[in-house]
Amino acid sequence: TGDRSLAISFTNHIKNCTKNKLLPPYSVGDMLSLENVKNEAYASYSYFYTKVSKHKIPMDSLYTKKAGVYLTAYHTKGFFEVQDTYKKILGYAKKEGLILDDVFFEDAILDELSVKGYENFVVKISIRIKNRPAI
């Protein structure tokens, strides 16, 4: 809910990955509830996640991303203005009559390891479409 708890949660996620010898080549992603996005609480992440190979740890202790069609946008205007893309996604979904799942996935495509300055970050935002109108 705040910078301190966010930092503690992120640190705990990294410690858990290290403890389980999960050193994948992927960056850490965020899960953000649809409800928080609707309430404009864009930094109130529900979870951090790291993609892993299925064989690394028991399946019962993993979150499995649901299969399906995802509404996806790439935010190219930096980290601090990501809310603009969330608003566009919700507007598009409403206009098209899409029923969205409960959680957004947020992945840094270009971050501090590949570009200079937060304003140059590229963030992939996606959410599963639960139902869409018949054509």
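**Close-up views of a predicted model**

Lys66, Asp101 and Arg128 are linked in a network of salt bridges. The model is predicted: local features need pLDDT of at least 70, side-chain atom pairs count only at pLDDT 80 or more, and totals for chains, interfaces and linings use all residues. Residues are numbered from 1 along each chain as its sequence is written, and side-chain values use heavy atoms, with hydrogens and water left out.

**View 1. The salt bridge between Asp101 and Arg128.** The side chains of Asp101 and Arg128 meet in a salt bridge at 3.0 Å, N to O (a salt bridge is a side-chain nitrogen of Lys or Arg within 4 Å of a carboxyl oxygen of Asp or Glu). This pair links distant parts of the chain, with Asp101 in strand E4 and Arg128 in strand E5, 27 residues apart. Strands (E, at least two residues) are DSSP runs, numbered from the N terminus. Both Asp101 and Arg128 are buried (buried means under 20% relative accessible area, exposed over 50%, and partly exposed in between, with a 1.4 Å probe and protein chains only).

**View 2. The salt bridge between Asp101 and Lys66.** In this pair the closest N and O atoms are 3.4 Å apart. Asp101 belongs to strand E4 (residues 99–110), whereas Lys66 lies in the loop between E2 and E3, 35 residues apart. The relative accessible area of Asp101 is 6%; Lys66, at 42%, is partly exposed.

**View 3. The salt bridge between Glu96 and Lys95.** A search of the whole structure finds three salt bridges, and one of them joins Glu96 to Lys95, with the closest N and O atoms 3.7 Å apart. Glu96 is partly exposed at 34% relative accessibility, while Lys95 is exposed at 64%.

**View 4. The open sheet.** Five strands are arranged in the order E2-E1-E4-E5-E3, with antiparallel pairing (two strands pair if DSSP finds at least two bridges between them). Strand E2 (47–49) and strand E3 (70–75) stand at the edges, each with a single partner strand, so one side of each has no neighbour in the sheet. From one strand to the next, the twist averages 25 degrees; axes are lines fitted to C-alpha atoms, and angles run from 0 to 180 degrees between N-to-C directions. E3 is joined to strand E5 (residues 122–131) by six bridges, and Tyr70 stands opposite Arg128 in E5.

**View 5. The surroundings of Asp30.** Asp30 is found in strand E1 (residues 29–33) and is buried, with a relative accessible area of 12%. Leaving aside neighbours within four places in sequence, Asp30 is in contact with Tyr45, Tyr47, Phe48, Tyr49, Phe104, Phe105 and Glu106 (contact means heavy atoms within 4.5 Å).

Key
Helices (H or I, at least four residues) and strands (E, at least two) are DSSP runs, numbered from the N terminus.
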